[in-house]
Amino acid sequence: MNAEKLKGHLDALVLATLAEGPAHGYAVIEELKLRSGGAFDLAEGTVYPVLHRLEAEGLLASAWTEAAGRRRRVYRLTRRGRTSLAGRRRDWQSFVHAVDAVLA
Amino acid sequence: VSFSSDLRSELARNGIRGVLAHRIVAELEDHLACDPNANVGTPAEIADRFTAELRIVRTRRASIGSFAALAICGAVFLVAAGTHGRSGGSPWAALAAIACAQIALVAGTLAVMRGLRARSAGDLRIAQRRGGVALVAGLGVALGLAGAGAFAGLVALPGLILAARALRRARAITPAGEEHGFEEHGIGADLPFPRVTLALLGTAVTGAVFLQGVVGERSLSEGLIRGGIEAAGLGLGLALLGRPLGLVSSAR
C-alpha cells in the first residue's frame, strides 16, 4: 500500500506506533510494516518528514541518543500527542462503523 | 557519503540548512546503517517531502506569531491613543500610525485565516505575503506612535522582530524552482461573500469614524471629513494592497 492511499491516516498510524513507547524512525517504519502484516510497506523516506511535522505540531518530542556509535533521534508521544491519538481512534471507529453499516 | 552530501545539497536548494539539515541527514544515515538496502528515495525526493511538510507548519506558526505580535501592537496603540491624546509629536506620524494600524489589522487577520487552512503552495505564499505586509504595517504603527510622542509604541518592537524572524524562516523553505506568482484566487477563498463582506466592513468602519467625528468633536462637518478620509484611505489601500494581500484575484 503506498503513501497516497494512506493519505490522511499516516499521522494516526505513526502516533499509534509510538503509543507503546519511544522509537527512532527506522523502528517506527518497521513497526508499521509488522503491525500491518506487511501491507504498509511505505517508501521509507516518507515517514521522516511526517515525524518532523508531528513534532513541530507538538504531538511528538524527540531527543538524540547513541546507538552502535551513531547518533540516533528517538521520538516519543507528548501528552498532546496522546490526546490527539485518542481522538483519531474515536473518529476512525465512528467512520468504520458507519461504513460497515452501509456496506453490510 | 555521496548520498549524505547529495541530500544536504538538495535540502539547501529547498532552503533547509543548518541544524535542521544536519539532523535530517543524520537520521537518514542512521536509517541506512540499520538497513543498507532501505528504499528511502532519492535525495531530491526526500528534500521535497520535507519541504512540503515543514513549510506548512512553519507558515502556520509564523501567521499565528505575527497575529500575536500585532495584537500586542494593537493594545499599545489603543492605550497610547487613549492616554496620549494630541500632545506633542508629529501629527503626520500619528496619522501614519492610524493608517498602519488598520492595514496591520486587516493583513494580520487575513494571514491567520489563510495560514491556518493553508495546504497548497499558493495558499502558503499568500499567507506569508499577508504576514509580511502586516508586520511592516505593525512596524509603521510602532514607529508612528514614537514619532507622535508616544514612545510606548516601541514596546511592540521585540514581538514584531521575533514574528519577522519566524516568517523569514517559513519563507526560506521553498521548493527549488517554484514560481513566485500571485495567488489565483482572491479573498473568495477566505470569505463566503467576499464583495458584500468587504463592502459591509468598509461601510461599517467608515460609519464608525464618521460617528466618532460627529460625537467626539460635536461637529457634522468634522465627521464628514474624517469619514471621507477613511473611505478614501480604504479605497487607496485596496488599490495598492489588494493584490499583494490576495484580496483581489489575479485571474482575469
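Predicted model: local features only at pLDDT ≥ 70, side-chain atom pairs only at ≥ 80, totals over all residues.
The size of an interface is often given as the accessible area lost when the parts come together. For chain B and chain A that buried area is about 2,000 Å², with 58% of it on carbon and sulfur atoms. The contact draws 22 residues from chain A and 21 residues from chain B. Between the two chains the count is four salt bridges, and 10 residue pairs are found in polar contact across the interface, with both residues of each pair at pLDDT 80 or more. On the side of chain B that touches chain A, helices α2 (18–34) and α3 (43–84) of chain B each supply at least two residues. Of the elements of chain B, α2(B) gives the most to this side, with 10 residues. By kind, the residues on this side of chain B divide into 11 nonpolar, eight charged and two polar.

Which residues of chain A form salt bridges with B:D30? One partner is A:R70, and the side chains of B:D30 and A:R70 meet at 2.9 Å, N to O. Because B:D30 lies in helix α2 of chain B and A:R70 in strand β3 of chain A, this pair joins two chains. B:D30 is buried, with a relative accessible area of 4%, whereas A:R70 is partly exposed, with a relative accessible area of 25%. The other partner is A:R72, and here too the closest N and O atoms are 2.9 Å apart. That pair likewise crosses between chains, running from B:D30 in helix α2 of chain B to A:R72 in strand β3 of chain A, and both B:D30 and A:R72 are buried. Elsewhere, salt bridges that share partners join A:D11, A:R53, A:E57 and B:E53 into one network. Within that group, the side chains of A:R53 and B:E53 meet in a salt bridge at 2.2 Å, N to O.

Strand β3 of chain A, which carries A:R70 and A:R72, is also part of a sheet. Three strands of chain A form this open sheet in the order β1-β3-β2, with antiparallel pairing. Its edge strands are β1 (23–24) and β2, each of which pairs on one side only. Strand β2 of chain A, residues 60–67, runs antiparallel to strand β3, residues 70–77, and eight bridges join the two. Along this pairing, A:L60 stands opposite A:L77 in β3(A). The hairpin of β2(A) and β3(A) has two residues between the strands, and A:A68 in this hairpin takes a positive phi near 50°. β1(A) pairs with β3(A) over two bridges, again in the antiparallel sense, and A:A23 has A:Y75 as its bridge partner in β3(A).

The remaining element to visit is helix α2 of chain A. Why is helix α2 of chain A described as largely enclosed by the rest of the structure? Eight of its 10 residues, which span positions 10–19, are buried, so the rest of the structure largely encloses this helix. The buried residues are A:L10, A:D11, A:V14, A:L15, A:A16, A:T17, A:L18 and A:A19. A:D11, listed here as buried, is also a member of the salt-bridge network that includes A:R53 and B:E53. Apart from its neighbours within four places in sequence, A:T17 is in contact with A:V28, A:E31, A:L32 and A:R35. After α2(A) comes A:G21, whose phi is positive, near 155°.

Note on methods: Residues numbered from 1 in each chain as written. Chains lettered and ligands numbered in written order. Heavy atoms only, no water. Contact = heavy atoms within 4.5 Å. Buried area = accessible area lost by both parts, 1.4 Å probe. Polar contact = N/O pair within 3.5 Å; in protein donor to acceptor, adjacent residues only side chain to side chain. Helix = DSSP H or I, 4+ residues; strand = E, 2+ residues; numbered from the N terminus. Nonpolar A, V, L, I, M, F, W, Y, C, P; charged D, E, K, R; others polar. Buried < 20%, exposed > 50% of the residue type's maximum accessible area, 1.4 Å probe, protein only. Pairing = 2+ DSSP bridges.
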